[in-house]
Amino acid sequence: MDNEQKAIHLEVLSAINGRIRLQLERPVASAAPFQRIPGMRGCRYNARIRTLLCEYDPEVISEEQLIVRLGAAYAAQTDASLLHIKRSEEEGFSMAPSGYLALLCIGLDGALSLAGSPLTTFTRWLSTGATLAAVVEHGYQELHVRGSFDPEVMSVVYLINSVGKPGAVRASLLAWIITFGRHLVPRAPREQPYLVRRAGKKLTLTPVSGAKSELAFAGSMFRKGMEMMARKA
């Protein structure tokens, strides 16, 4: 309880490769401690609304490392014993038109397959090609925005291996679900608490375990299930 009374909060409002914007719960005296973080190119602190805008070199420090270092520099300017870092910058469901087109092609291919139509020879290639393009585009977008892409984009390998095989429509559907399925579930902002430990002038942040949300747990289980299905298929 005493820790919670001395808790402070830091919220990540936006984050793109090389640039990050934070909301501080308490005012700070100066942006100088943030400027001293390795890889930092510049920081601007708005005292009126308590936001911190930082530009950094992603070749020197990763986004996750930077957020923790910023949190440590923030906590060092307070008497807090607990720091909550909240990630609110992640967008909700967002899918490019190619994703919808791929799902439409998969649905058409599945319907014609059930009807025994000879057109499935054409729709099979259409659904596979559309899904392949949608997955590749999704991976490129994540790489461009975040500097990395999620592992589920690798379902493209499974999809390529299914080309020309009888279960191609099932492979297309599975690849689509693995890649886009997690976006169908609304995600609450991630929040990770850290214990603030001081030893003289040295400050360390220790992550508090067990902070994983039920939604995040369900999402991880969903991805693991899809991976198991992919291996069995």
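Arg-124 is buried, and Asp-109 is buried as well; here buried means under 20% relative accessible area, exposed means over 50%, and partly exposed lies in between, with a 1.4 Å probe and protein chains only. The two side chains meet in a salt bridge, with N to O at 2.7 Å. A salt bridge is a side-chain nitrogen of Lys or Arg within 4 Å of a carboxyl oxygen of Asp or Glu. The pair links distant parts of the chain, with Arg-124 in helix H5 (residues 120-146) and Asp-109 in helix H4 (residues 97-115), 15 residues apart. Helices (H or I, at least four residues) and strands (E, at least two) are DSSP runs, numbered from the N terminus.

A word on the model before going further. This is a predicted model, in which local features need pLDDT of at least 70 and side-chain atom pairs count only at pLDDT 80 or more, while totals for chains, interfaces and linings use all residues. Residues are numbered from 1 along each chain as its sequence is written, and side-chain values use heavy atoms, with hydrogens and water left out.

**Salt bridges**

A search of the whole structure finds six salt bridges.

| Pair | N to O distance | Location |
|---|---|---|
| Arg-124 and Asp-109 | 2.7 Å | helix H5 and helix H4 |
| Glu-55 and Arg-19 | 3.1 Å | strand S4 and strand S2 |
| Asp-57 and Arg-41 | 3.6 Å | loop between S4 and H3, and strand S3 |

Glu-55 is partly exposed at 33% relative accessible area, and Arg-19 is partly exposed at 35%. There is also a network of salt bridges, which links Glu-63, Glu-64 and Arg-87.

**Around Asp-57**

Asp-57 deserves a visit of its own. This residue lies in the loop between S4 and H3 and is buried, with a relative accessible area of 18%. Because Arg-41 belongs to strand S3, the pair ties together parts that are 16 residues apart in sequence. What else does the side chain of Asp-57 approach? One of its polar atoms lies 3.0 Å from the backbone nitrogen of Glu-59. Leaving aside neighbours within four places in sequence, Asp-57 is in contact (heavy atoms within 4.5 Å) with Gly-39 and Arg-41.

**The nonpolar cores**

Which residues touch the most other members of the largest nonpolar core? They are Ile-20, Phe-34 and Leu-70, in a core of 30 residues. Such a core is a set of buried Ala, Val, Leu, Ile, Met, Phe, Trp, Tyr and Cys residues joined through side-chain atoms within 4.5 Å. The elements that give two or more residues to this core are strands S1 (7-16), S2 (19-24), S3 (40-46) and S4 (51-56), helix H3 (63-75), and strands S5 and S6. H3 gives the most, with seven residues.

Not counting residues up to four places away in sequence, its contacts include Val-12, Leu-52, Leu-53, Tyr-56, Leu-66, Ile-67 and Leu-70. A second, separate core has eight residues, among them Met-95, Ile-106, Ala-130 and Ala-134.

**Strands and backbone turns**

Strand S5 (residues 82-87) and strand S6 (residues 190-199) run antiparallel and are joined by six bridges; two strands pair if DSSP finds at least two bridges between them. Within this pairing, Ile-85 stands opposite Gln-192 in S6. S6 also pairs with strand S7 (residues 202-207) in the antiparallel sense, over six bridges, and there Arg-197 stands opposite Thr-204 in S7. Two residues lie between the strands of the S6 and S7 hairpin, where Gly-200 takes a positive phi near 70°.

Most residues other than glycine have a negative phi. Arg-50 is not a glycine, yet has a positive phi of about 55°. Arg-50 is found in the loop between S3 and S4 and counts as partly exposed, at 31% relative accessibility.

Technical notes:
Polar contact = N/O pair within 3.5 Å; in protein donor to acceptor, adjacent residues only side chain to side chain.
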